[in-house]
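Work through the exercises below with the model open. Try each task before reading its solution.

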Amino acid sequence: MTIRTVDYRVKGKVQGVFFRAFARDLAHQHGIVGWVKNDPSGDVVGTAQGSPEALEKFKEGLQKGPEHAKVTGVEFTNEASLDRPQFQDFEKVRNPRPS
């Protein structure tokens with residue numbers, strides 16, 4: 001089975017609207033592994049890995065987002081083939097709290 005990986009950055013009103021939970025649920029629905037987190041810039045960023053077909057569906061979902069999000073753009077970078085996934089699940093990463 002061919003595995004693809006891609007990094008993504010979702011721009012717009014994407015924090016405070018359950019976007020990370022949406023991405024996690026979308027990943028689980030399509031068999032995607034990787035991670036997602038809020039970026040200090042206000043974007044949501046992450047890495048997704050899965051079959052080419054599943055990855056395309058995941059990318060389409062990110063461009064729509066959850067109900068209260070306003071996605072203005074999604075950047076996909078570092079797309080490549082892998083021999084095997086680098087992750088075992090899809091994790092919603094919490095940002096560390098400032099000390």
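Predicted model: local features only at pLDDT ≥ 70, side-chain atom pairs only at ≥ 80, totals over all residues.

**Exercise 1. Which residues does the UniProt annotation "active site" cover, and what is the largest C-alpha distance?**

Step 1. The unreviewed UniProt entry puts "active site" on R20 and N38. UniProt positions are given in the numbering used here, feature names are shortened, and annotations may be inferred rather than shown by experiment.

Step 2. They are spread over 19 residues of sequence but cluster in space, with a largest C-alpha distance of 7.6 Å.

Step 3. N38 belongs to strand β2. N38 counts as buried because its relative accessibility is 15%. Buried means under 20% relative accessible area, exposed over 50%, partly exposed in between (1.4 Å probe, protein chains only).

Step 4. The unreviewed UniProt entry also has the feature "domain: Acylphosphatase-like" at residues 5-94. That span is 28% helix and 42% strand, and its end C-alpha atoms lie 21 Å apart.

**Exercise 2. In what order do the strands form the sheet, and how is the pairing described?**

Step 1. The 5 strands form an open sheet, β4-β1-β3-β2-β5, with mixed pairing. Two strands pair if DSSP finds at least two bridges between them.

Step 2. Look at the edges. β4 (70-82) and β5 (90-92) each have a single partner strand, so one side of each lacks a neighbour in the sheet.

Step 3. Neighbouring strands are turned by 15° against each other on average, direction ignored. Axes are lines fitted to C-alpha atoms, for helices over the stretch in contact, and angles run from 0 to 180 degrees between N-to-C directions.

Step 4. Now take the pairs. β1 and β4 run antiparallel, joined by 10 bridges; here I3 stands opposite L82 in β4. β1 and β3 are antiparallel too, with 7 bridges, and Y8 has G46 of β3 as bridge partner.

Step 5. Helix α1 (residues 19-30) lies across β1 (3-13), β2, β3, β4 and β5, at about 170° to β5. Helix α2 (residues 52-64) packs on the sheet and touches β1, β3, β4 and β5, its direction making about 160° with that of β4.

**Exercise 3. Which residues touch the most other members of the largest nonpolar core?**

Step 1. The core has 20 residues, and Y8, V10, F19, I32, A48, F58 and F90 touch the most other members. A nonpolar core is a set of buried Ala, Val, Leu, Ile, Met, Phe, Trp, Tyr and Cys residues joined through side-chain atoms within 4.5 Å.

Step 2. β1, α1, β3 and α2 give two or more residues each to this core.

Step 3. Follow F58. Beyond four places in sequence, its contacts are Y8, A23, L26, A27, H30, I32, A48 and F90.

**Exercise 4. Are D43 and Q49 buried or exposed, and which side chains do they meet in polar contacts?**

Step 1. D43 lies in the loop between β2 (33-38) and β3 (44-50). D43 is buried, at 9% relative accessible area.

Step 2. The D43 side chain makes a polar contact with the R9 side chain (3.0 Å). A polar contact is a pair of N or O atoms within 3.5 Å; within protein, one must be able to donate a hydrogen and the other to accept it, and residues adjacent in sequence count only if both atoms are side-chain atoms.

Step 3. Q49 lies in strand β3. Q49 is buried, at 1% relative accessibility.

Step 4. The Q49 side chain makes a polar contact with the Q86 side chain (2.6 Å).

Notes: Residues numbered from 1 in each chain as written. Heavy atoms only, no water. Helix = DSSP H or I, 4+ residues; strand = E, 2+ residues; numbered from the N terminus. Contact = heavy atoms within 4.5 Å.
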